[in-house]
Amino acid sequence: MDALFDRFVAAYGTRPTYVCRAPGRANLIGEHTDYLDLPVFPMALQRAVRIALRPRDDGRIRLRNVSADFDPLDFEVGVGLQPGAPGSWGNYVMAAARELARRSAIGRGFDGVLASDVLVAAGLSSSSALVNAVGITLAAINSLDMAPMDMAGVMADAERFTGTRGGGMDQAISIGARRGHAARIDFAPLRMRHVPVPSQWRFVLADTGVRAEKSGAARNAYNLRRAECEEALGHMRLALKGRLNPRDAAGGYPGLLSAVPIADVLDVGGSVLRADLLKRFRHVVSEASRVHDAEDAMRRVDAETFGTLMDASHASLRT
């Protein structure tokens, strides 16, 4: 923190008045389900994005990154902001500023220096931590009073400015996490239930060295996967329309799974979906079930069952 303050003084000639922190996250189970309003089960990390800042009296944002890999940013807050090149770190900063300007007509920006020890493009949600940190900063200095899950929902909407059609898991756990707990997150409406992590459990994250540029090179594949899941849902609604009431039919994947047993859903899917859509559909339906079982296993301190469910999740993602 002292080093971050020193960088701020060197950049702006005065000391910062605030520090904002937003952590990265690890998703224990529930992959590629949040954007379909199906549950997830993540936890926050010790690693985080931090911004040392000083509010301004105008709407300008000047933000420097302690890493030389990222160019300084300087722009005016407003609804007319346009994204830069795909994957640019400035897109995430502008995303939060644009969305809050659109919703609340904020008028104050800030001078800031940012430091992050969340690995970039490593699947730890460094991007959402950045969006959250900027959003929380702007909300605070513009006197916006927002509940944590309300802010998480706004930041999830904001991040789509970058071109990635993501869900709301990353923003919610980064803002709403509780020390020593994982969290079951449900959507539509967004809500969170904290689950104590057993004191004898440890989760070890290993860096594979493979970069997942979700807003860069991998963005099209990510967005296509969501579109395929939505297409599969459309076919299933037609195939099961005799078993769905209007409310269930309008309720997306959660409505479908609340009305029809999972075994029946998978059986029908096997007969009406083409191969690529069936793979997407089978994963999200079975993954939603694993989230329920994983939450129960953690509450029962059943590590063997929890590990078996994680293995099954990874196998489903692989195939």
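The pLDDT is the predictor's confidence in each residue, on a scale from 0 to 100. In this predicted model, the protein averages a pLDDT of 94, and 99% of the residues score at least 70. Among the elements of the protein, β6 has the highest mean pLDDT, at 98, while helix α7, residues 246–250, has the lowest, at 89.

**The nonpolar cores**

The largest nonpolar core has 36 residues, and those with the most contacts inside it are I51, I61, L63, V93, F110, L138 and M155. At least two residues of this core come from each of β1, β2, β3, β4, α2, β5, α3 and α4, and α2 gives the largest share, with nine residues. A second, separate core holds 22 residues, including Y35, C229, L240 and L256.

Within helix α2, which covers residues 89–104, lies V93. This residue is buried, with a relative accessible area of 0%, and, leaving aside neighbours within four places in sequence, V93 is in contact with L63, L73, F75, L130 and V134. Between the C-alpha atoms of V93 and V49 the distance is 12 Å, although the two are 44 residues apart in sequence. L63, for its part, touches Y12, I51, P72, L73, W89, V93, F110, G112, V113 and L114, when residues up to four places away in sequence are not counted.

| Residue | Relative accessible area | State |
|---|---|---|
| V93 | 0% | buried |
| C20 | 8% | buried |
| C229 | 0% | buried |

**Helix α6**

Helix α6 comprises the 21 residues 219–239, which at 1.5 Å a residue should span 30 Å, and the distance of 31 Å between its end C-alpha atoms therefore agrees with that expectation. The buried residues of α6 are Y222, N223, R225, R226, E228, C229, A232, L233 and M236, and they pack against α8, α9, α10 and α11. Because an α-helix has 3.6 residues a turn, residues three or four places apart point the same way.

**The β6–β7 hairpin**

Strand β6, residues 181–186, runs antiparallel to strand β7, residues 191–196, and six bridges join them. Within this pairing I185 stands opposite M192 in β7. The two strands, β6 and β7, form a hairpin with four residues between them, and in the turn A188 has a positive phi of about 55 degrees.

Conventions:
Residues are numbered from 1 along each chain as its sequence is written. This is a predicted model: local features need pLDDT of at least 70, side-chain atom pairs count only at pLDDT 80 or more; totals for chains, interfaces and linings use all residues. Side-chain values use heavy atoms; hydrogens and water are left out. Buried means under 20% relative accessible area, exposed over 50%, partly exposed in between (1.4 Å probe, protein chains only). Contact means heavy atoms within 4.5 Å. Two strands pair if DSSP finds at least two bridges between them. The expected span of a helix is 1.5 Å times one less than its number of residues. A nonpolar core is a set of buried Ala, Val, Leu, Ile, Met, Phe, Trp, Tyr and Cys residues joined through side-chain atoms within 4.5 Å.
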